[in-house]
Amino acid sequence: MATETLDKQKTIDLRKKHVGPSCKVFFCHDPVKIVRARGQYMYDEKDEKYLDCINNVAHVGHCHPDVVEAGSKQMELLNTNSRFLHDYLVLYAQRLQATLPDKLSVCYFVNSGSEANDLALRLAWQYTGHQDIITLENAYHGHVSSLIDISPYKFHQMAGAEPNQHVHVALSPDIYRGKYCEDHPDPATAYAENVKDIIEQAHKKGHKIAAFIAESLQSCGGQVIPPVGYFQKVAQHVRNAGGIFIADEVQVGFGRVGTHFWGFQLQGEDFVPDIVTMGKPIGNGHPMSCVITTREVAESFMSSGMEYFNTFGGNPVSCAIGLAVLDVIEKEDLQGNALHVGGYLTQLLDDLKKRHPLVGDVRGRGLFVGLDLVRNRDKRTPATAEAQDVIYRLKEQRILLSTDGPHRNILKFKPPMCFSREDAELVVEKIDQILTDLEKTLGLQMSEAVISENGHTKRKEPTDENGLVHPSISSSQKHTGTLPHDKKNKRLKAL
């Protein structure tokens, strides 16, 4: 049972008083107070159970007993900094390296994904002697100053902010919403050419490229899966310009994609980044992260003359926990679970798309899946208000899901890796019911499939009950985030 002593309102009041107002909570109009968790479930102060589809941080499941035991035992024995020799540090580095290509062999242990990406930039600047960074549209790489500069997902929110002249933003390799979509004959090359053009323009201004950084699969950017071959082509352009490639695996690593241990491996065996950063799942909620790079980059960093020291990075407790996480992934075949359950979840969501005009696209790999909601399939108009409505209604049924993407219209699945087929069935069943209700209220229905001239099945735009194309929500409704429900059925929309 719950052991909290404060009632929920008291917790809210104290948070408002003592916690910075920019530190937001999920479901801000009616936040959930979580007091304990286990596996893929979280429990509130009333001991009511919620299915967690949000927390990729609790990678092997909340409070996994093996992880808890490993950390507790080591904490009773010793915790100190990495300037003392300790077996767990080197054993953990060896285990991590074994999951990666041989070229990536040197580890730097730090405490968060933000620390890892900040250090990756330092490595790139030192190794190349260059300053400029290429990032992607809608990218998010962390909360420290150096990373806000390369995170359009964040810096576009800052009124009056001047862009960093050493940061260049490339097109997101999004084949659903991007410039080059699924009907393009070679989107990988087209998007990579955009990076090449950026490099050429930077050189004309006397700038030199230090690195290209990208999440292996864009998360906050909207669950974007780069076309195969894109990273190889980008890496060639960047390396030809004297830069290096940084793969950010903070949200998608450690077997989440199912078929591979790391997301960048989806591009093929012929692609190896120069630096890989990892965080979140590495410690199952314990604050730890890592940067892994080549011997050449590491030796260049040392040649600067500045010692690198991190008090808590690689401490014995963190390494014991990290080893336990790797053991659980292997023992419980969580990568295999991500492949099979993730595939089943995607299949169920694909079936939803066949029945619901609000579903524009289903995309993802393993247990990293996005459901793109649209108001108009042909125009792919983001259904932002509807997406918010879905997650609030799910919350009422004790299922926790979030939205993301530049339009906040992507239902984002990244649950603990112990997520089951039954969990997938439950959440999709509830989404099915909610979409049915929303479409009925909006007067939407799915037109029958017609055969296009090239013989492929193509669906018409969603129409209302009179056969008219469903109009976009009015500008006033866009601003307020409300849907045309009656008063009884109004829902809170914004997170």
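How many aromatic pairs does a search of the whole structure find? The search finds 17. The model is predicted, and the tour below visits some of these pairs together with the elements that carry them.

**First stop: Tyr108 and Phe301.** Select these two residues and display their rings. The ring centres are 5.9 Å apart and the planes stand at 85°, so the pair is edge-to-face. Tyr108 belongs to strand 4 (residues 106–110) and Phe301 to helix 9 (residues 295–302), so the pair ties together parts that are 193 residues apart in sequence. Both Tyr108 and Phe301 are buried.

**Second stop: Phe245 and Phe271.** Moving the selection here shows another edge-to-face aromatic pair, with 4.9 Å from centre to centre and 75° between the planes. Phe245 lies in strand 8, whereas Phe271 is in the loop between strand 8 and strand 9; the pair therefore links parts that are 26 residues apart in sequence. Phe245 is buried, with a relative accessible area of 0%, and Phe271 is buried as well, at 3%.

Strand 7 runs parallel to strand 8 and is joined to it by five bridges, with Ala211 opposite Ile244. Trace the chain from strand 7 through helix 8 to strand 8: this β-α-β crossover is right-handed. Strand 9 (residues 275–278) also pairs with strand 8 in the parallel sense, over three bridges; there, Val276 is the bridge partner of Ala247.

Select residues 187–204. At 1.5 Å a residue, these 18 residues should span 26 Å, and the end C-alpha atoms are 26 Å apart, which agrees. The buried residues of the helix include Tyr191, Val195, Ile198 and Ile199. What covers the buried residues includes strand 5 (132–136), strand 6 (167–170), strand 7 (209–215) and helix 8 (230–240). After the helix comes Gly206, with a positive phi near 85°.

**Last stop: charges over rings.** Select Arg36 with Tyr43; the arginine lies over the face of the ring, 3.9 Å from the ring centre. Then select Arg83 with Phe309, where the charged end of Arg83 sits over the ring at 4.0 Å from its centre.

Technical notes:
Residues are numbered from 1 along each chain as its sequence is written. This is a predicted model: local features need pLDDT of at least 70, side-chain atom pairs count only at pLDDT 80 or more; totals for chains, interfaces and linings use all residues. Side-chain values use heavy atoms; hydrogens and water are left out. Helices (H or I, at least four residues) and strands (E, at least two) are DSSP runs, numbered from the N terminus. The expected span of a helix is 1.5 Å times one less than its number of residues. Buried means under 20% relative accessible area, exposed over 50%, partly exposed in between (1.4 Å probe, protein chains only). Contact means heavy atoms within 4.5 Å. Two strands pair if DSSP finds at least two bridges between them. A crossover is right-handed if, with the strands pointing away from the viewer, the path from the first strand over the helix to the second runs clockwise. Rings of Phe, Tyr and Trp (its six-membered ring) pair if their centres lie within 6.5 Å; planes under 30 degrees apart count as stacked, over 60 as edge-to-face and the rest as tilted. A charge sits over a ring if NZ of Lys or CZ of Arg is within 6 Å of the ring centre and within 35 degrees of the ring normal.
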